[in-house]
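Let's take a walk through this one together. Have the sequence and the model open side by side before you read on.

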Amino acid sequence: MMEVRRICCIGAGYVGGPTCSVIAQMCPEVTVTVVDVNEDRIRAWNSDSLPIFELGLQEVVDSCRGVNLFFSTDIDEAIKNADLVFISVLSNPEFLAEGTAIIDLKNPDRVLIGGDETPEGQHAIQALRSIYEHWVPKNKIITTNTWSSELSKLAANAFLAQRISSINSISALCEVTGADVEEVAHAIGTDQRIGSRFLKASVGFGGSCFQKDVLNLVYLCEALNLPEVARYWQQVIEINDYQRKRFSSRIINCLFNTVTDKKIALLGFAFKKNTGDTRESSSIYISRYLLEEGACLHIYDPKVKAEQIMQDLTKPTPSERHDTATVSRLVTIVTDPYKACENAHAIVICTEWDMFTELDYERIHKAMLKPAFIFDGRRILDSLHDQLQHIGFQVETIGKRVNQRIPFTTSGDRSEMDQPQPLKKNKL
């Protein structure tokens, strides 16, 4: 078997950068070159300010860069000199969770390698396997054919997304009946057949993988004449969209059915904590819904840059374009969460950053307009509900009635105050 001494990885993004940085650290005798056509991105990888934020990544890069880890735009040269090229040779799907990617890479549940069932394909599989065996136990390295490898990736993310949509669908029922979705999730999660992972109700899943992979699965099923299977997985996406719209409608409803010209502090823009990634973040969708109603958003996130937020909010969607001038007028990016909350009618928590549980909410309440609302889209303030209500906040959260507004009636009659209001579709 050929000994791999030089690796080329095409793409210096959220997967290629961290993955090959860890490979370089764990395989000091192997030279790893990460290439990309984006010169600004490569320049950032070669600087003290990496293009992505990931816990532990800076330390890994600092330990290898310039030694056996290199970032370059010379793609042809890197490919020519490589013994193994990531992406081009065989299927090696990643199962990384952003925020814990370095931990996942160094202590993976499994490494999956797929390749053709030919001598050349099997040779490629063994070459890549030899790299991972530097630090991954052999029993955690799974080899399959290419189709099994690729479908395993799609199915894994589809199953995880399905669990989130499932508990989010139950959260809507909990809010109507008076149940608490956290208690329901705990009760069903203690069943060993189900388990407790990915049963956290929220404003919906985001990130680059879940929606993309579920939609890829839907497309594949439609293309292969499996419409019933396609409709099943499409519903996972539709529940996720429904949860975002439902949460946005609840904000508007509680603010007396209008948010026009009202200042709303939106805390968190990344799709999850411990990352600066905003791709498919629920914050984007909630922001757009509120902007369509004329809300003035003051947005704070500890790791997402202002340019990225504005880019996400003005980027055209398949159904509509967003007027940059209007977004610029209605959106303010701040670097201080207390500043975001000053004179605000409401606080909307969209990302579960730990720091949001440690804010001085008494100070915040004094600086807000009254009545002051908190909408906890991530269920991170559960232990503070009594304290927040004592301060004077009206607290609203996912899957639970914190403030009893009206009793539930079996006739199905509910006051207008308790009904989600349809969102207008004003163009930005």
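How many bridges join strand S8 to S9? Keep in mind that you're looking at a predicted model. The count is 3, and they link S8, which covers residues 296-300, to S9, with the two strands running parallel. If you want one of the pairings to click on, go to Leu 297: its bridge partner in S9 is Val 331.

Now zoom out from that pair. S8 and S9 belong to an open sheet of 6 strands, laid out in the order S9-S8-S7-S10-S11-S12 with parallel pairing. At the edges sit strand S9 (331-333) and strand S12 (394-397), each of them pairing on one side only. From one strand to the next, the twist averages 20°.

Next, look for what packs over part of the sheet. Helix H11, residues 282-292, lies across strand S7 (263-267), S8 and S9. Relative to S8, helix H11 runs at about 160°.

Is Tyr 361 buried or exposed? Its relative accessibility is 2%, and because buried means under 20%, Tyr 361 counts as buried. So who's around it? Leaving aside neighbours within four places in sequence, Tyr 361 is in contact with Ile 349, Phe 356, Ile 374, Leu 381, Leu 384, Leu 388, Ile 391 and Phe 393.

Notes:
Residues are numbered from 1 along each chain as its sequence is written. This is a predicted model: local features need pLDDT of at least 70, side-chain atom pairs count only at pLDDT 80 or more; totals for chains, interfaces and linings use all residues. Side-chain values use heavy atoms; hydrogens and water are left out. Buried means under 20% relative accessible area, exposed over 50%, partly exposed in between (1.4 Å probe, protein chains only). Contact means heavy atoms within 4.5 Å. Two strands pair if DSSP finds at least two bridges between them. Helices (H or I, at least four residues) and strands (E, at least two) are DSSP runs, numbered from the N terminus. Axes are lines fitted to C-alpha atoms, for helices over the stretch in contact, and angles run from 0 to 180 degrees between N-to-C directions.
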